[in-house]
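I set out to record what I looked up in this structure, one topic at a time. The entries below follow the order of my reading.

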Amino acid sequence: MKAALVLAPFVVGAALGAVASAQAQTASTGDRASNTLDLFGVAPSACVLSPPSSAAGTNASFTAQGAQGVVRFTQFIDPQTAQPRDAVISLGFPVVCNSAHRLVVRTDGAGLTRTAGPAPAPGFRDSLGFQLSADWAGLSATGQSSSPTPINLQTANGAAGLMNLTVNITGGGAPMVAGDYAGTLVVEIEASN
């Protein structure tokens, strides 16, 4: 948040002139003079979203990399069945927002997808969806990674604290094709103007 101090030149000049007159009067007559100086400030709407400060999960870990982070699923699939395993991670994002705002979590709508390779053989898959949930400022929402905007929360007031975002993968189903899998989440806090 920035604060600006605005002093109108004519007020300052008048105040300085009054002070000079008051000092002359005070020195010679003992009378007292006073003047008022009005101060004005502006606090524009602002939101700050910091990288996660806490992480807890099962079959998943978080590593901070500057303003971004990486979630790794420890044992993505069962080595006996090639089916995905259950995994969950909860991330705490420090947030300060001094006005009405909204929280948006975006994905590419694909979930976790295999980064390269031919189409999967029949009975196998090369993408895996997951569920998201967010708790912030007394509100909560859930959504699926298959939606480009699974979470969109509007908050009528300012708020500060930890926004909790949970990524939940349900195991089972068709086996996964071998390879590297990746997905992207974008978390945004936007002040309302």
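**Entry 1**

I note here that the model is a predicted one.

I next asked which members of the largest nonpolar core touch the most other members. This core has 30 residues, and the ones that I noted are Phe73, Leu103, Ile151, Met163 and Leu165. I then listed the elements that contribute two or more residues to this core: strand E5 (87-97), strand E6 (101-107), strand E9 (131-136), strand E11 (151-155), strand E12 (159-169) and strand E14 (185-191). The greatest contribution comes from E5, which gives 6 residues.

**Entry 2: The largest pocket**

I looked up the volume of the largest pocket, and I recorded about 870 Å³. Its lining consists of 31 residues, and those nearest the pocket centre are Gly69, Val70, Val71, Gly183 and Leu185.

Which elements supply at least two residues of this lining? I found strand E4 (68-73), E5, E12, strand E13 (181-182) and E14. E4 gives the most to the lining, with 6 residues.

**Entry 3: A sheet of three strands**

I turned to an open sheet of 3 strands, which has the order E8-E7-E13 and antiparallel pairing. I marked strand E8 (127-128) and E13 as the edge strands, since each pairs on one side only. As background, I reminded myself that strands of a sheet pair through backbone hydrogen bonds, either parallel or antiparallel.

Strand E7 (residues 112-114) joins E13 in the antiparallel sense over 2 bridges. Opposite Ala182 in E13 I found Thr113.

**Entry 4: Ser53**

I located Ser53 in the loop between strand E1 (47-49) and strand E2 (54-58). Is Ser53 buried or exposed? Its relative accessible area is 54%, and I therefore recorded Ser53 as exposed, the cut-off being over 50%.

I also checked the distance from Ser53 to Ala64, which lies 11 residues away along the chain; their C-alpha atoms are 8.8 Å apart. With neighbours within four places in sequence left aside, I found Ser53 in contact with Gly92, Pro94 and Leu162.

Terms used:
Residues numbered from 1 in each chain as written. Predicted model: local features only at pLDDT ≥ 70, side-chain atom pairs only at ≥ 80, totals over all residues. Heavy atoms only, no water. Core = buried A, V, L, I, M, F, W, Y, C linked by side-chain atoms within 4.5 Å. Buried < 20%, exposed > 50% of the residue type's maximum accessible area, 1.4 Å probe, protein only. Helix = DSSP H or I, 4+ residues; strand = E, 2+ residues; numbered from the N terminus. 1 Å grid on protein atoms, 1.4 Å probe; cavity = no way out; pocket = protein on both sides within 12 Å on 5 of 7 lines; lining within 4 Å. Points joined across faces, edges and corners; volume = space filled by probe spheres on them. Pairing = 2+ DSSP bridges. Contact = heavy atoms within 4.5 Å.
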